[in-house]
Amino acid sequence: MSQPAAPIDPLRLANVPLLALVRWWELLEIRVCSTPHSYLLNTSTETVVVGPLHLHHAPSPTVHLHSNPTHDQSMTQAVAADALVVGAGWAGTVAALRLAEGGKRVIVLEARQRVGGRAFTHTWTPDTKLEDNSRNTEPSAQGGKQWAVDFGCSWIHGYKEGNPVKALAERYNIPVHIPKPTASQIIGPNGPLAETLSAKITENLGKAQAAAKSALSDQGQTTSADKSLASIVLAADSPLYAGLNDSEKELAASHARLLHVPLGITLEQAASFGSDKAFGGTDGAPEGGFTRLVKSLIDDASSKGAKFKLGEVVQQISPLENGQGVRVRTENAESGEEALYESASAIVTIPHAVLQQSLGIFQPSLPAERVAAIKRTTVGNLNKVLLTYTEPWWDAQMSTFTVLATEKGEVTPDTPLRDALARTTLIVSSLCAPTGLPGDSTSLLVMIGADAAKTIERHGRQEAAQIVHDYLVPKLARQGASPQQPNHTFYSRWAKRKSEAATTYEAGQSGAHEQVY
């Protein structure tokens, strides 16, 4: 057995990424010894990530906290466990499974009344009414038609290149489908760009990203404090503009802003593309959506003794008075009742945006340097809007439309939604394209990033969908088509979800780039 690494404070584990898939998968490689007590975690980068977890016997548990209780707990009986996990998203559920497989008593505390975090699958049927706001609709008859769309993480990136989620899917007999190559189109202010120009702009963006990543690799994967990704990708001498005239360069710059969608922030706000450890290559889609995969994982962990407590909002994380463990105090989101949990250590997987608003739960507080890094990290936004129709009024052979901005101007959370759409670059996926994926539907899935994503959240579902529909019709409608109104819509509003308010990617110009989905 390998020797455990030097102890690292478990409470450093502030967040773990999902869509970006930056090293959260190391939880899949937790090694659990048969002896109880201390939880030692190993990390090899400056980013707060979870490495292999070793459980071993120690004279006293590794808890780097000092007693400073601020709540009268004398009347509340604490629930004991070997380990507490805060958050039932990807990171928390994988940690719970590995600990439970090692025979440890583990309790997972989740603030919401559902599991999965940013793994959120919406399902609907032909019978789902337009006014139905349900997250899930079941078929009215056995074997009836049902569609599923992920509004959080959507793909297993690097499915054939070593992503360990593949093994989880195989373990739970969940088919994963790899889409066939299909055509895409860039929509400019005056309509679809010529194929040759689209190919050139797309090629140039790839080269600009590669050049930026190469430049960043010499300075720790982030820009200097006074610069951003925009200063590299959109620089006058960037490969982005190679071989283009002035009007084409403008289109190339607008096309580069499609990165606002996966980043969740603008190029001017971003300091990094993220970790160089992220999986890339083949994308795989789990059949039935990511929620199915997460629920299978949770069912597995539960069958091995892990307990999941939903609606438990953490109020405080503090050391036991004797210094021999950690106490977590929660309040039930519905009843308001308080509960206490005690263990040797706690693994905290709170989303970064939530963490920024919840630093007071740590008593005593986290080190000042870490608090400063958490506060200065920019939190992004990515929302999706689903528009479903009876028949496609767009070119159904196209799988993706990149809709370039048609207007100049700043976008703030207060910008009218119609103006925000015109000032940003959208990624629109056609769910009826011939990709070979099962469960295709006559739908468009519109992805909106950065501050433009926030503007959606001021509107109700049907109102937001109508504005997006009206904006896209003149841009995507094929010649001779008669676009009908959508018969089903759905959307995400992540910034309004207190327990999940963060996107797939965060990067601050400070160079701190902890990430979470």
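In what order do the four strands of the open sheet lie, and with what pairing? The order is 3-16-15-14, and the pairing is mixed. The model is predicted, so that local features require pLDDT of at least 70 and side-chain atom pairs count only at pLDDT 80 or more, whereas totals for chains, interfaces and linings use all residues. Residues are numbered from 1 along each chain as its sequence is written, and side-chain values use heavy atoms, with hydrogens and water left out.

Helices (H or I, at least four residues) and strands (E, at least two) are DSSP runs numbered from the N terminus, and two strands pair if DSSP finds at least two bridges between them. In the open sheet of four strands, strand 3 (78-80) and strand 14 (312-319) are the edge strands, each pairing on one side only. From one strand to the next, the twist averages 25 degrees, with axes taken as lines fitted to C-alpha atoms and angles running from 0 to 180 degrees between N-to-C directions. Six bridges connect strand 15 (residues 326-332) with strand 16 (residues 338-343) in the antiparallel sense; Val328 stands opposite Tyr341 in strand 16.

Strand 19 (residues 398-403) pairs with strand 10 (residues 183-188) in parallel through five bridges, and Ser184 is placed opposite Thr400 of strand 19. Strand 19 also runs antiparallel to strand 20 (residues 426-430), to which four bridges join it; here Thr402 faces Ile427 in strand 20. Five of the six residues of strand 19 are buried (under 20% relative accessible area; exposed, over 50%; partly exposed in between; 1.4 Å probe, protein chains only).

In helix 9 (residues 368-376), the buried residues are Arg370, Val371, Ala373 and Ile374. These residues lie on the same side of helix 9 because they cover an arc of only 160 degrees around the axis, the arc being that of the directions from the helix axis to the C-beta atoms. The buried residues of helix 9 pack against helix 8 (352-357), with contact defined as heavy atoms within 4.5 Å. Ala368, Glu369 and Lys375 are exposed on the face turned away from the buried side of helix 9.

The largest nonpolar core has 32 residues, of which Trp90, Leu293 and Phe308 touch the most other members. Such a core is a set of buried Ala, Val, Leu, Ile, Met, Phe, Trp, Tyr and Cys residues joined through side-chain atoms within 4.5 Å. Helix 1 gives the largest share of this core, seven residues. Residues up to four places away in sequence excluded, Phe308 touches Ala88, Thr93, Ala96, Val108, Ile298, Ala301 and Ser302.
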